[in-house]
Amino acid sequence: MKTQWITGIFVLAVATGVAFAQDAKKKSDGKKGGMAKSVNVTMHAQNKSGETGSAKLTPEGADKTRVEISLKGAPKGTAQPAHIHEGSCAKLDPKPKHGLENVADGKSTTVVGASLESVRGMAINVHKSTDDIKTYVSCGDIGKAGGAMKKGEKKGAMEKKS
């Protein structure tokens with residue numbers, strides 16, 4: 001009888017430890033309650049392209065982010081390079097920080113080797129084609145901790161509190 005009681009307490013202690021370990025893992029993965037918190041970015045047309053849409057950024061662990069781009073008005077059958085750049089759409093650093101899969105028929109999905117927090121304050125940019133890389137057709141600012149930046153909002157504007 002005493003052995004069964006001790007075994008029962010041991011099983012309960014192990015089960016409780018496993019539950020706490022799983023909860024801690026969820027929190028360390030950047031997930032709350034097992035659900036990853038995504039950031040939605042509005043993609044605005046540039047250079048009269050008519051290409052608008054959205055990008056959804058979802059953390060995948062501590063150091064990876066899934067970037068899903070969906071554009072309306074994109075040309076069929078044309079590969080359009082896409083990148084994450086430092087800066088904002090209004091003042092973009094031309095050197096890409098993270099390459100993304102080409103947008104094809106308005107869609108692209110890439111997992112980048114960077115945390116969601118590390119790409120906040122940057123911009124997602126889509127180019128017209130591999131032949132016309134200098135023409136930007138769509139861009140969206142990745143907001144700071146408050147979410148996506150509003151159209152026309154300057155980078156760092158949310159941080160200023162005078």
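**Figure 1. Strand 3 and strand 10 pair in the antiparallel sense.** Strand 3 (residues 39–45) is joined to strand 10 over two bridges, where pairing requires that DSSP finds at least two bridges between two strands. Within this pairing, H44 has C139 of strand 10 as its bridge partner. Strands are DSSP runs of E with at least two residues, numbered from the N terminus. The model is predicted: local features need pLDDT of at least 70 and side-chain atom pairs count only at pLDDT 80 or more, whereas totals for chains, interfaces and linings use all residues. Residues are numbered from 1 along each chain as its sequence is written, and side-chain values use heavy atoms, with hydrogens and water left out.

**Figure 2. Strand 10 also pairs with strand 9.** Strand 9 (residues 123–127) runs antiparallel to strand 10, and five bridges link the two. In this pairing I124 stands opposite G140 of strand 10. Strand 10 spans residues 136–141, and five of its six residues are buried. Buried denotes under 20% relative accessible area, exposed over 50%, and partly exposed the range in between, computed with a 1.4 Å probe on protein chains only.

**Figure 3. A disulfide joins C89 and C139.** The sulfur atoms of C89 and C139 lie 2.1 Å apart, and a disulfide is defined as a pair of cysteine sulfur atoms within 2.5 Å. A search of the whole structure finds one disulfide. C89 belongs to the loop between strand 6 (79–87) and strand 7 (92–104), while C139 belongs to strand 10, so the bond ties together parts that are 50 residues apart in sequence. The disulfide is left-handed because the torsion about its S-S bond is about -90°. With a relative accessibility of 21%, C89 counts as partly exposed; C139, at 2%, counts as buried.

Figure 4. R66 is located in strand 5 (residues 65–72). Its relative accessible area is 25%, and R66 is therefore partly exposed. Leaving aside residues up to four places away in sequence, R66 touches K56, L57, T58, E60, T109, T110 and V111, a contact being heavy atoms within 4.5 Å. R66 and T109 are 43 residues apart in sequence, yet their C-alpha atoms are 7.0 Å apart. The side chain of R66 also makes a polar contact with the side chain of E68, at 3.4 Å. A polar contact is a pair of N or O atoms within 3.5 Å; within protein, one must be able to donate a hydrogen and the other to accept it, and residues adjacent in sequence count only if both atoms are side-chain atoms.

Key: Helices (H or I, at least four residues) and strands (E, at least two) are DSSP runs, numbered from the N terminus.
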